[in-house]
Amino acid sequence: MIERWSRDQVLALAPDASSKKGAQSVSGPAKWPVAGVMPDVLWGECKGSGATPYRACVDLADTAYRCSCPSRKFPCKHALGLLLLWSADGVTPADEPPTWVGEWLEQRRARAGRKEGAGPPGADGAASPGPDGTGSPGVDALRPPGAGGAGPPGAGGAGPPGADGSASRSAAGEAAVTDDGAALLGAAGAGPAGAVAGSSADAAARRAAQREERVMAGLAELERWLADQIGQGLAGARRDATARWQELARRLVDAQAPGVAGVVSRLPRVLADEDWPSRLLGEYGLLHLLAVGHRHASGLPGPLRDTIRSRVGFPVSRDDVLAGELVRDVWDVLGRRDDEQDNLTSRRVWLRGRHTGRFALVLSFAPPRQPLDVSLVTGTAVDADLAFYPGASPLRALVATRRGPVPAAPPDGTTVSGALTEIATAVAGDPWTDSWPIVLRPATPARSAGRWLLTDPPSSTPREDGGESPGMPVHPVAGHPWRLLAVSGGRPVTVAAEWTPLGLRPFTAWDEEGRLVVL
């Protein structure tokens, strides 16, 4: 039997606030006259406004959802309401599923079998809704349009150069998606097989060589531009720099360096900070380091070269990633965060290997209001093989093979000093790292000098000078971390958070009894 998810875990799956509210309105047992659960599947019939009840079911083993309601949200409020009822121990165990549930499971397993023959099934662990809302293991990772694969900050992976990355769906309604858009590009550019194959390969080689030249020229121009900025000084940046940055970003896109263009396009955010001169100088320094690193890439170690190309915006195909080393472990799902930018929603799901101690980041993308990967549930654990994107501090990964869920438990963590060491190691490998997951265990929220910190309990890290243990500041956007304070109550807790240069962004906490709370 799958361990029942908590209410927090279920509500965290809601695609928006209205779904969350609707789910709670249909989570009472009176709404579900028919409901049952088996070790790996949950189902029920929900009373609606019509004569025919809505049929909802959830594949608990492989995390997928189905409902007969017309909602395009995923999972819909009925699937969420049924999960809430199950979470509250309101669903009776059954020996056999109804026929419609059995047929759905058979279809899923048959589809997974076909995909297994074609390659690793369920890579990226995404669950894509079919035309009837049927979830299926697939890949829902779509690339940001125009960004060419730079991905969200801190993604650490590369996308396709100039790929439009738009979402597309097959005739069957399954998301025709790739992790890096390579398949979309390939499909669009593919000609007749056979005789055309050779010429296509030659053309691809020519395009690759042309791109290398354009990127080199674009980054050379960037180096000259940066030298001019430093020569002129930064004092006038707030007056007219934004327009110049936009123009520079446009030229870098033309030079097919979308990763660098993305960094330049985000520079205006720096001007909002009080210490913007130092931050802007730091950003210029990282851009210069990237341009110089690319110019000397041939003499650098392979992992660092891969990191630089990724940051510049060169794509890494999904097949190449899956062809690399696979890391099998029990992966604790630490949490997730959605961000919307450039008319695309990205979902970042952080994992940590229970035995290897490695962190992983699984990214998926979709247009606004379209379903994202919901197969990795915060607070659960999965036995899986992960394939990591190449780099000096590999973090982004694909779920190559799922071997099944395992009992969940609070993840192992480290002290503040241990977390700082982990971050320092990551930044030393990839100087452009702007976020990194950490787990502090135990940690205590504390207030110091007008800001919130996460600190070690006093007795866990005694200092030779007798002073207080150091703390890591909470990101200003977190404001007063009321929910975390409520979970802690002044006592040590386990906290999973995303480190950024401006502070920690906590996303999940486990109290002293191991109960999970999504922050």
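**Salt bridges, a sheet and a buried serine**

Mentor: Let us begin with Arg-251, which forms a salt bridge with Glu-221, with 2.5 Å between the closest N and O atoms. This pair links distant parts of the chain, since Arg-251 belongs to helix H7 (residues 237–254) and Glu-221 to helix H6 (residues 195–232), 30 residues apart. Please keep in mind that the model is predicted.

Trainee: Which residues do salt bridges with shared partners join into one network?

Mentor: That network consists of Glu-221, Glu-247, Arg-250, Arg-251 and Asp-254.

Trainee: How many salt bridges does a search of the whole structure find?

Mentor: The search finds 28 salt bridges. One of them joins the side chains of Arg-108 and Asp-62, at 3.3 Å from N to O. Arg-108 lies in helix H4 (residues 99–118) and Asp-62 in the loop between S3 and S4, so this pair ties together parts that are 46 residues apart in sequence.

Trainee: Are those two side chains buried or partly exposed?

Mentor: Arg-108 counts as buried, because its relative accessibility is 3%. Asp-62 counts as partly exposed, at 23%.

Trainee: You mentioned S3 and S4. What is the strand order in their sheet?

Mentor: The sheet is open and has 4 strands in the order S1-S2-S3-S4, with antiparallel pairing. Strand S1 (34–38) and strand S4 (64–67) are the edge strands, and each pairs on one side only. On average, neighbouring strands of this sheet are turned by 5° against each other, direction ignored.

Trainee: How many bridges join S2 to S3?

Mentor: There are 6 bridges between strand S2 (residues 41–46) and strand S3 (residues 54–59), and the two run antiparallel. As one example, Glu-45 has Arg-55 in S3 as its bridge partner.

Trainee: Which helix lies across this sheet?

Mentor: Helix H3 (residues 77–87) lies across S1, S2, S3 and S4, and it runs at about 65° to S3. H3 is mostly covered, with 10 of its 11 residues buried. Among them are His-78, Leu-82, Leu-85 and Trp-86.

Trainee: What covers the buried residues of H3?

Mentor: The cover includes helix H1 (7–11), helix H2 (17–25) and the strands S1, S2, S3 and S4. Just after H3, Asp-89 takes a positive phi of about 60°.

Trainee: A change of topic: where does Ser-393 lie?

Mentor: Ser-393 lies in the loop between strand S10 (381–388) and strand S11 (397–406). Ser-393 counts as buried because its relative accessibility is 13%, and the buried class is under 20%.

Trainee: Which backbone atoms does the Ser-393 side chain reach?

Mentor: A polar atom of the Ser-393 side chain lies 2.7 Å from the backbone oxygen of Ala-426. The side chain also reaches the backbone nitrogen of Asp-430, at 3.5 Å. Leaving aside residues up to four places away in sequence, Ser-393 touches residues including Thr-307, Thr-425, Gly-429 and Trp-436.

Trainee: Finally, how many helices and strands does the chain have?

Mentor: The protein chain has 13 helices and 17 strands. Buried residues make up 50% of its 519 residues. The accessible surface comes to about 23,100 Å², and 53% of that belongs to carbon and sulfur atoms.

Notes:
Residues numbered from 1 in each chain as written. Predicted model: local features only at pLDDT ≥ 70, side-chain atom pairs only at ≥ 80, totals over all residues. Heavy atoms only, no water. Buried < 20%, exposed > 50% of the residue type's maximum accessible area, 1.4 Å probe, protein only. Areas by Shrake-Rupley, 256 points an atom, 1.4 Å probe, with all protein chains shown as cover. Polar contact = N/O pair within 3.5 Å; in protein donor to acceptor, adjacent residues only side chain to side chain. Contact = heavy atoms within 4.5 Å. Pairing = 2+ DSSP bridges. Axes fitted to C-alpha atoms, helices over the stretch in contact; angles between N-to-C directions. Salt bridge = Lys/Arg side-chain N within 4 Å of Asp/Glu carboxyl O.
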